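Good morning, everyone, and thank you for making time for this.

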Amino acid sequence: MALTQESLTAGRQQREQFSTRWVFLLAAIGSAVGLGNIWRFPYVAYENGGGAFILPYMVALLTAGIPLLFFDYAIGHRFKGSPPLAFRRLNRWTEAIGWWQVMICAVLGLFYAAILAWATSYIWFSVTEAWGDDPEGFFFAEYLQATEQAEVSFQIVPGVFFPLLALWILVLIILARGVGKGIGVAATIGMPLLVIMFVILVGIGLSLPGAATGLDALFTPDWSALTRPEVWVAAYGQIFFSLSVGFGIMLTYASYLKRRSNLTGSGLVVGFSNSGFELLAGIGVFSVLGFMAQASGLRVDEVASSGIGLAFVAFPAIISEAPLGLGPIIGVLFFGSLLFAGITSLISITEVVISGIMDKTGWSRARVVAIAGGLSAVVSLLAFSTTSGIHLLDVTDAFVNNIGIVGVSLVAVFVVSWVLFRLNELVGHLNSVSSFRLGWIYKILISVVMPVVLGITLVQYILQVVNEGYGGMPSWYVGTFGWGMSALLVVLAVVVALIPWAKNSGMQDDQHEQDFDIKNTPRHADQPVTTQEVNQ
C-alpha cells in the first residue's frame with residue numbers, strides 16, 4: 001500500500017527541499033570537497049606511485065565511491081528521511097544503523113570545527129607571519145599551548161576558543177535558516193568562492209621557481225607501485241573518505257530532493273567534481289612544495305607532508321620563503337580555502353544530527369538547532385579549545401574515520417544486500433528517476449565488492465592498532481577516547497533506536513511503518529518503481 005503525501009506529512013511540517021538541482025549539487029559537492037581534498041590527497045598520491053596512482057584512484061572511484069554515493073542517494077530519496085527515519089522505513093529493526101551514522105557525525109563535527117578555527121586564526125597569522133622562524137614550535141607550543149603528553153585538560157586556549165565560538169555561531173545560524181535559505185545559500189556562495197580562491201593559489205604556485213620540480217615529483221609515475229596491495233587500499237581509502245559517503249550526509253541531502261530528481265546523473269557530477277578538485281589541489285600543493293624544496297636546498301620528499309603538518313607547519317614555512325611579498329597572499333588564499341572547504345563540510349555533518357533529531361522528536365528546526373546544535377558547540381569548545389585538544393582530536397579523528405565510518409558502511413551494505421534483500425528495490429528506484437541506469441554490475445559492486453573492500457580496510461586497521469598501539473599514546477587514553485568512544489557510539493545508537501517516536505514525528509504509527517516495510521518480492525534492476533510511488 002503506497003503512502004500518500006498527506007499521510008507522510010500529517011501532524012508535522014512537510015519535509016524541506018532544495019530549491020533546484022543546481023543548489024543540491026553545490027551543497028553535495030561542498031560536503032564532499034573538504035580538508036582531505038586539500039591536505040590529504042596530494043601526499044597520498046605522491047606516496048603511492050605518483051602519476052601511476054591515478055589508475056587505482058579512478059578504479060576506486062568507479063567501483064566504490066560512486067556506487068556508494070548512489071546507495072546513499074537511493075535510501076535517502078526513496079524513504080524521504082534522515083538516516084534514522086530512512087532506515088526505519090526500510091525496516092523497523094535497522095533504525096540503529098541510522099542513529100550510528102548520526103552519532104558519528106556528532107563526534108566528527110566536534111573536532112572538525114576546531115581545525116577550521118585554527119585555519120581562521122592562520123589567515124591573520126599569514127599577514128603578520130606570526131610564527132617567526134619556527135612554524136612548528138609556534139603552532140604547538142605558542143598557539144595551541146599543547147601539553148607534551150596525551151592527557152585530560154580543561155585549560156582553555158583563548159586563541160582557539162574565540163574563533164571556534166564564532167564558527168559555531170555562524171554554522172548554527174545557517175542551519176537554523178533551513179535547507180533552502182541556509183544550507184543552499186551557503187553552498188551557492190561558498191563553493192564558487194572556494195574555486196576562485198584555489199585557482200588563484202594554483203596560478204601563483206605554478207609561477208614560483210621550483211614549481212616544475214614539485215609537479216615532477218607528484219606526477220612522475222612509479223608503475224611498480226601498482227603491484228603493491230597497500231597502494232590499492234590507499235586509493236579506496238582516499239575515495240571513501242573524500243566523498244562523504246557511508247555516514248549519513250549524502251543520504252540526508254538526497255532526502256531533500258524533489259520526487260523527480262536525476263539521482264545517478266547528480267552522483268556522477270558530484271563524484272567527478274570532487275576528484276577534479278583533488279587533482280587541482282595536488283597541482284597547487286606540490287607546485288608550492290617544489291618551490292620550498294628549491295629554496296631550502298632539500299628534496300621534495302624532505303618537505304612533503306600531509307594533514308596538520310602540511311597546513312600548519314610546512315605552509316607557514318613556505319609563506320616565509322615566498323618572494324616579492326607573495327607570502328601573505330599565498331597564506332590568505334590557502335587558509336581561506338581550507339576555511340571555505342571546511343565550513344560547507346561542517347554544515348553537512350551537523351545537518352545529519354539536526355535532521356535525525358527533528359524526525360524523531362517532531363520538534364521545529366529552530367528548537368533542535370538551539371538545543372542539539374548549542375550542545376555540540378559547548379562540548380566542542382570544552383574539549384577541543386583546551387591545551388590537550390590536539391591529542392583528543394588526533395585519536396578521535398582516527399577511530400571515527402577508520403572504525404566508525406568504515407564499520408557502519410560495512411553493516412549498511414551487508415544488511416541491505418544480504419539480510420533484507422532490498423538492493424533490487426533500491427536499484428529499481430534509482431532507475432525510475434535517473435538518466436544513467438544501473439544493472440547487475442552495480443549490484444555486484446555493492447553486495448560483493450564493497451563488503452570485501454570495507455571488511456579488509458576495517459580488519460587491517462584494527463589489527464594495526466591492536467598490535468602497534470596508536471601514535472605512541474598511553475593505552476588508557478586510546479582505550480577511553482578511541483576504542484571506548486567507538487563502542488559507545490554503537491551502544492547509544494541502539495538505545496536511541498529503542499526510544500518510541502513522537503506522535504508528530506516522521507514515523508507516526510505502526511501503519512506507516514508497515515507501509516514502508518514493503519513485504520513484496522524485491523524488484524529487479526530493470527523493473528522500475530511505479531510512477532505512482534515516485535510521485536507520492
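Let me begin with a definition: a residue is called buried when its relative accessible area is under 20%, exposed when that area is over 50%, and partly exposed in between, with a 1.4 Å probe and protein chains only. What we have here is a predicted model, in which local features need pLDDT of at least 70 and side-chain atom pairs count only at pLDDT 80 or more, while totals for chains, interfaces and linings use all residues. Residues are numbered from 1 along each chain as its sequence is written, and side-chain values use heavy atoms, with hydrogens and water left out.

I will start with the salt bridges, by which I mean a side-chain nitrogen of Lys or Arg within 4 Å of a carboxyl oxygen of Asp or Glu. A search of the whole structure finds 10 of them. In one, the side chains of R365 and E16 meet at 2.9 Å, N to O, and this pair links distant parts of the chain, since R365 sits in helix α18 and E16 in the loop between α1 (5–9) and α2 (21–32), 349 residues apart. The helices I name are DSSP runs of H or I with at least four residues, numbered from the N terminus. R365 counts as buried, at 8% relative accessibility, whereas E16 is partly exposed at 28%. The two also belong to a network of salt bridges that links E16, E351 and R365.

A second salt bridge joins the side chains of E425 and R78, at 3.4 Å from N to O. Because E425 lies in helix α20 and R78 in helix α5, this pair ties together parts that are 347 residues apart in sequence. E425 is buried at 3% relative accessibility, and R78 is buried too, with a relative accessible area of 9%. A further salt bridge is formed by E302 and R299, whose closest N and O atoms are 3.8 Å apart; here E302 is partly exposed at 44%, and R299 is exposed at 52%.

Next, the chain around helix α5. K80 is found in the loop between α5 (54–79) and α6 (83–90), and its phi is near 45°, a positive value in a residue other than glycine. Most residues other than glycine have a negative phi. K80 is buried, with a relative accessible area of 10%. As for α6, how many of its residues are buried? The count is 8 of the 8, so α6 is largely enclosed by the rest of the structure.

F421 has a positive phi as well, of about 55°, although it is not a glycine. This residue lies in the loop between α19 and α20 (423–433) and is partly exposed at 49%.

F421 also brings us to the surface, where it belongs to a nonpolar patch with F414, W418, V419, W440, I441, I444, V448, V452 and I456, with about 1000 Å² of accessible area together. Patches of this kind are made of residues with over 30% relative accessible area and no salt bridge, nonpolar side chains (Val, Leu, Ile, Met, Phe, Trp, Tyr) being joined within 5 Å; the areas come from the Shrake-Rupley method with a 1.4 Å probe. Which helix gives the most to the nonpolar patch? That is α21, with 6 residues. I444, in helix α21, is partly exposed at 37% relative accessibility.

Finally, please find W131, which is placed in the loop between α7 and α8 (135–143) and counts as buried at 3% relative accessibility. W131 and I403 are 272 residues apart in sequence and 35 Å apart in space, C-alpha to C-alpha.

How values were computed. Patches are made of residues with over 30% relative accessible area and no salt bridge: like charges are joined within 9 Å, nonpolar side chains (Val, Leu, Ile, Met, Phe, Trp, Tyr) within 5 Å. Helices (H or I, at least four residues) and strands (E, at least two) are DSSP runs, numbered from the N terminus.
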